[in-house]
Amino acid sequence: MPELPEVETQVRDLKKEIKGLTIKDIIPIYKKVLKKPKNFKLFKNSILNKKVLDIERLGKNILIHAGDKVILIHQKIAGHILYSKWIKKGNNYISEDKIIKKDPKNRFLIYLFVFNNGKMLGLCDPRKFSKIELWSRKDIKKIKEIKKLGEDPFSKNFTFNYFYGKIKNKNKSIKSVLLDQSIVLGIGNIYSDEILWQAKVHPTKKAKELSLNEIKEIFKAIKQVLREGIKKRGESFSDWRDIFGKKGNYDKYKKVFKREGLSCKRCKSAILKTKISGRTSRFCSNCQKYD
DNA sequence: GTTTGTACCTGTCCGC
DNA sequence: TGCGGACAGGTACAAA
């Protein structure tokens with residue numbers, strides 16, 4: 001769900017809303033989301049009364065800089081974060097915000113950060129795959145999980161030569177390559193399908209078999225599609241909502257994702273679906289030819 | 001070293 | 001209406 005455009009939307013909004021606030025309490029509704037440190041008391045003591053200095057996106061991760069620490073949140077498949085105020089009623093937390101309260105997708109709160117203005121940041125995730133980690137600010141960029149990440153598509157280091165060099169010898173499908181976070185950051189199953197449709201490349205084609213022109217088209221499409229996603233404030237065909245509980249607008253613009261059986265918006269041919277290394281992929285049977 | 005498969009969880013949807 | 005099974009946007013780790 002939350003891929004680059006969705007996480008970018010969240011981070012931009014969070015900068016406006018929580019920068020400068022102080023963390024006053026943490027409520028762990030589902031304790032297992034905290035992966036580091038595993039000990040909740042240690043986690044809480046490390047960030048209590050710390051001021052939020054900045055919020056940053058690193059691929060699909062959200063980094064909240066608080067004092068000398070960084071809280072890393074990854075929402076995985078089905079998570080999203082909300083900014084509101086919740087009141088506990090029995091075993092449930094009820095948001096005082098009407099939009100958040102009436103949307104059933106916002107029911108699955110698993111973690112709450114309480115700020116000095118009384119408002120809270122809530123992590124919501126029906127599948128409980130999300131993770132929260134705590135790192136020190138000075139070595140977050142040095143840890144191996146972060147060091148192995150590739151370039152962000154909007155970084156100046158993401159050049160055609162970088163991209164070409166990373167993929168030219170890959171013996172796996174271009175679909176899997178686009179999902180590989182050690183090559184390009186932030187692309188998930190939705191936008192990879194959209195990018196390949198835009199570039200007119202068959203998803204199962206092996207990266208090393210792509211022509212130079214096809215690689216150029218993919219490189220261009222990565223930026224175009226993701227930029228459009230950000231402009232539309234992400235997609236919400238399923239669980240994802242922005243931090244105010246509102247839906248993104250990209251759904252109307254998507255060309256192939258979850259459109260199998262419908263007609264291609266470019267050539268009217270059928271959109272098909274197939275499985276590639278365990279991930280479902282949708283593509284046009286006519287304009288995305290293998291050769 | 002590279003690529004593919006599986007586990008992590010639970011809600012939702014479809015067919016019977 | 002109710003139930004069982006398939007399926008779901010990501011990633012770490014194991015296995016091939």
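Me: Which residues does F160 touch, and what makes them count as being in contact?

Reply: F160 touches L212, I215, K216 and F219, not counting residues up to four places away in sequence, where contact means heavy atoms within 4.5 Å. Residues are numbered from 1 along each chain as its sequence is written, while chains are lettered from A and ligands numbered from 1 in the order in which they are written. This is a predicted model, in which local features need pLDDT of at least 70 and side-chain atom pairs count only at pLDDT 80 or more, whereas totals for chains, interfaces and linings use all residues, and side-chain values use heavy atoms, with hydrogens and water left out. F160 itself has its place in helix α5, helices (H or I, at least four residues) and strands (E, at least two) being DSSP runs numbered from the N terminus.

Me: How far is the C-alpha atom of F160 from that of G122?

Reply: Although F160 and G122 are 38 residues apart along the chain, their C-alpha atoms are separated by 39 Å.

Me: Why are α5 and α8 called oblique to each other?

Reply: The axes of α5 (residues 160-167) and α8 come within 11 Å and cross at roughly 120°. Axes are lines fitted to C-alpha atoms, for helices over the stretch in contact, with angles running from 0 to 180 degrees between N-to-C directions. Angles under 35 degrees count as roughly parallel, over 145 as roughly antiparallel, 65 to 115 as roughly perpendicular, and the rest as oblique, and therefore α5 and α8 are oblique to each other.

Me: What makes up the contact of α5 with α8, by class?

Reply: F160, F163, Y164 and I167 of α5 meet L212, I215, K216, I218, F219 and I222 of α8. By class there are nine nonpolar residues, no polar ones and one charged residue, with Ala, Val, Leu, Ile, Met, Phe, Trp, Tyr, Cys and Pro counted as nonpolar, Asp, Glu, Lys and Arg as charged, and the others, Gly among them, as polar.

Me: What is the crossing angle of α7 and α8, and what is that orientation called?

Reply: Helix α7 (residues 189-199) and helix α8 (residues 212-231) have axes that come within 8 Å and cross at roughly 125°, which makes α7 oblique to α8. The crossing is right-handed, and the contact joins Y191, E194, I195, L196, Q198 and A199 of α7 to E217, I218, A221, I222, Q224, V225, L226 and G229 of α8. This contact divides into nine nonpolar, three polar and two charged residues.

Me: How do you know that α1 and α8 are oblique to each other?

Reply: Helix α1 (residues 4-18) packs on α8 at an angle of about 40°, with the axes 8 Å apart, and therefore the two helices are oblique to each other. Here too the crossing is right-handed, and L4, P5, E8, T9 and R12 in α1 meet L226, G229 and I230 in α8. By class, four of these residues are nonpolar, two polar and two charged.

Me: Which residues are around DNA strand B?

Reply: A residue is near a strand if one of its heavy atoms lies within 4 Å of it, and around DNA strand B these are K32, R107, F108, P126, R127, K128, F129, K170, N171, K172 and S277. Three of them are nonpolar, two polar and six charged.

Me: What makes the pairing of R107 with a phosphate oxygen of DNA strand B a polar contact?

Reply: A phosphate oxygen of DNA strand B is 3.2 Å from an N or O atom in the side chain of R107, and a polar contact is a pair of N or O atoms within 3.5 Å (within protein, one must be able to donate a hydrogen and the other to accept it, and residues adjacent in sequence count only if both atoms are side-chain atoms). A base oxygen of DNA strand B is also 3.3 Å from an N or O atom in the side chain of R127.

Definitions and conventions:
Left-handed = near helix turned anticlockwise from the far one by under 90°.
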